[in-house]
Amino acid sequence: MYNETIEHLFFECIVVKNFWLKLIDLFNEFMGNDMHIALTCRDILLGYEVNNWKEHIVVNILIMYTKKYIYACKMNKKNPDMSMLKYFIQSNMEI
């Protein structure tokens, strides 16, 4: 229905956008008062910038693994699923 641009694949697609929103909510809930993020298309495509080094690393690793997972879902013609993302990240980090 839409042109397959990088912006669409990783951010603008309604399925993916809702997936990011759910991930952000879960991340913020899990981190509590320690960290609170709100990601833009720029953050997702080019990287998250913040002065706090710990937050910078954690969020960018999460973004990279999530984009890899979204791309894998696209290639397998599946919608992203939060429980599968968790498994995907865990298995990739073990490598």
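A disulfide is a pair of cysteine sulfur atoms within 2.5 Å. Keep that cut-off in mind for the opening stop: the structure holds zero disulfides. Select Cys13, which is in no disulfide, as its nearest cysteine sulfur, that of Cys73, is 11 Å away. Then click on Cys41: its sulfur is 12 Å from the closest cysteine sulfur, in Cys13, and that is too far for a bond.

A quick word on what you have open. This is a predicted model, where local features need pLDDT of at least 70 and side-chain atom pairs count only at pLDDT 80 or more, while totals for chains, interfaces and linings use all residues. Residues are numbered from 1 along each chain as its sequence is written, and side-chain values use heavy atoms, with hydrogens and water left out.

**Stop: the aromatic rings**

A pair of aromatic rings is described by the distance of the centres and the angle of the planes. Here, rings of Phe, Tyr and Trp (its six-membered ring) pair if their centres lie within 6.5 Å; planes under 30 degrees apart count as stacked, over 60 as edge-to-face and the rest as tilted. How many aromatic pairs does a search of the whole structure find? It turns up two.

Select Phe19 and Tyr69. Their ring centres are 6.0 Å apart and their planes are at 35 degrees, so this pair is tilted. Phe19 lies in helix α2 (residues 14-31) and Tyr69 in helix α4, so the pair ties together parts that are 50 residues apart in sequence. Helices here are DSSP runs (H or I, at least four residues), numbered from the N terminus.

Phe19 has 6% relative accessibility, so Phe19 counts as buried. Tyr69 is buried too, with a relative accessible area of 6%.

Tyr69 and Phe88 make a tilted aromatic pair, 5.4 Å centre to centre with 55 degrees between the planes. Since Tyr69 lies in helix α4 and Phe88 in helix α5 (residues 82-94), this pair ties together parts that are 19 residues apart in sequence. Both Tyr69 and Phe88 are buried. Show Phe19, Tyr69 and Phe88 together and you have one aromatic cluster.

**Stop: a charge over a ring**

Next, select Lys67 and Phe10. The charged end of Lys67 sits over the ring of Phe10, 5.8 Å from its centre. The rule for this is that NZ of Lys or CZ of Arg is within 6 Å of the ring centre and within 35 degrees of the ring normal.

**Stop: the salt bridges**

A salt bridge is a side-chain nitrogen of Lys or Arg within 4 Å of a carboxyl oxygen of Asp or Glu. By this rule the count is two.

Pick Lys74 and Glu4, whose side chains meet in a salt bridge at 3.1 Å, N to O. Lys74 lies in helix α4 and Glu4 in the segment before α1 (6-12), so the pair ties together parts that are 70 residues apart in sequence. Lys74 is partly exposed at 38% relative accessible area, and Glu4 counts as partly exposed at 45%.

Now move to Glu49 and Arg42: this salt bridge is 3.5 Å, N to O. Glu49 is exposed, with a relative accessible area of 59%, whereas Arg42 counts as partly exposed at 46%.

**Stop: a nonpolar patch**

Show the surface and colour Trp53, Ile57, Ile61, Met64 and Met93. They form a nonpolar patch with about 540 Å² of accessible area together. Patches are made of residues with over 30% relative accessible area and no salt bridge: like charges are joined within 9 Å, nonpolar side chains (Val, Leu, Ile, Met, Phe, Trp, Tyr) within 5 Å. Which helix gives the largest share of the patch? Helix α4 (residues 53-75) does, with four residues. Met64, found in helix α4, counts as exposed at 53% relative accessibility.

**Stop: two loops**

Lys77 is in the loop between α4 and α5, and counts as exposed at 77% relative accessibility. Most residues other than glycine have a negative phi. Lys77 has a positive phi of about 55 degrees although it is not a glycine.

Finish at Ile37, in the loop between α2 and α3 (41-46). Ile37 is buried, with a relative accessible area of 2%.

Key: Areas by Shrake-Rupley, 256 points an atom, 1.4 Å probe, with all protein chains shown as cover. Buried < 20%, exposed > 50% of the residue type's maximum accessible area, 1.4 Å probe, protein only.
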